[in-house]
Amino acid sequence: MKTSEKRILVLHGPNLNMLGKREPEVYGSLTLEQLNAELAAQAAKLGVAVECRQSNHEGVLVDMIQTADGEYDCIIINPAAFTHYSIAVRDALAAISTPAIEVHLSNIYRREEFRHHSVTAPVTVGQIAGFGSQGYILALYAAVDIIMRGGKK
Ligand code: DQA
């Protein structure tokens with residue numbers, strides 16, 4: 001299968017623009033720019049196109065998810081704090097036919113109890129948590145695998 005024309009959208013939720021500065025003992029020292037560059041480099045090796053966006057705003061993320069439908073073959077999303085309470089982000093992911101993968105830098109299940117529940121994970125293909133920035137690379141491989149298997153949700 002030719003994957004060259006396949007497009008993957010990476011969405012970073014609130015406060016992820018602070019990566020590198022923000023609680024580095026939890027989220028690592030890589031900046032968002034460096035993480036996105038790493039994703040672009042890996043995507044080029046895999047022969048897929050990756051576009052990365054970040055927003056601190058719930059409605060903006062909802063708009064991005066809605067407009068991704070039909071435009072992208074897979075979404076990799078770290079909804080950040082919205083993971084735990086945004087029914088709007090969850091409903092947007094549920095509303096589109098594009099499959100999504102949820103990523104967290106930290107292992108949310110080893111942290112405060114309020115982080116143990118994800119309202120968004122049940123409407124994604126699966127979740128990767130606890131592997132730092134490497135989790136996004138794992139998600140990229142998973143996205144290519146999903147696309148090669150027909151891109152089903
Ligand atoms: C996070 C985990 C969330 O609980 C937190 O609100 C974040 C980042 C992670 O990547 O580990 O902002 O999604």
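Analyst: A residue is called buried under 20% relative accessible area, exposed over 50%, and partly exposed in between, with a 1.4 Å probe and protein chains only. This is a predicted model, in which local features need pLDDT of at least 70 and side-chain atom pairs count only at pLDDT 80 or more, while totals for chains, interfaces and linings use all residues. Residues are numbered from 1 along each chain as its sequence is written, and side-chain values use heavy atoms, with hydrogens and water left out.

Helices (H or I, at least four residues) and strands (E, at least two) are DSSP runs, numbered from the N terminus. Five strands make an open sheet with parallel pairing, in the order 2-1-3-4-5; two strands pair if DSSP finds at least two bridges between them. Strand 2 and strand 5 (126–129) are at the edges with a single partner strand each, so one side of each has no neighbour in the sheet. On average, neighbouring strands are turned by 20° against each other, direction ignored.

Six bridges join strand 1 and strand 2 in the parallel sense. Valine 10 has cysteine 52 of strand 2 as its bridge partner. Helix 2 (residues 32–46) packs on the sheet, touching strand 1 and strand 2, and its direction makes about 165° with that of strand 2. Here contact means heavy atoms within 4.5 Å; axes are lines fitted to C-alpha atoms, for helices over the stretch in contact, and angles run from 0 to 180 degrees between N-to-C directions.

Cysteine 52 counts as partly exposed because its relative accessibility is 27%. Its sulfur lies 13 Å from the closest cysteine sulfur, that of cysteine 74, which is too far for a bond. Cysteine 74, at 0% relative accessibility, is buried. The structure holds zero disulfides, a disulfide being a pair of cysteine sulfur atoms within 2.5 Å.

In helix 3 (residues 58–68), the buried residues include Leu61, Val62, Met64, Ile65 and Ala68. Seen down the axis of helix 3, the buried residues fall within an arc of 160°, so they line one face of the helix; the arc is that of the directions from the helix axis to the C-beta atoms. Their cover includes strand 1 (7–12), strand 2 (49–54), strand 3 (74–78) and helix 4 (87–95). After helix 3 comes glycine 70, with a positive phi near 85°.
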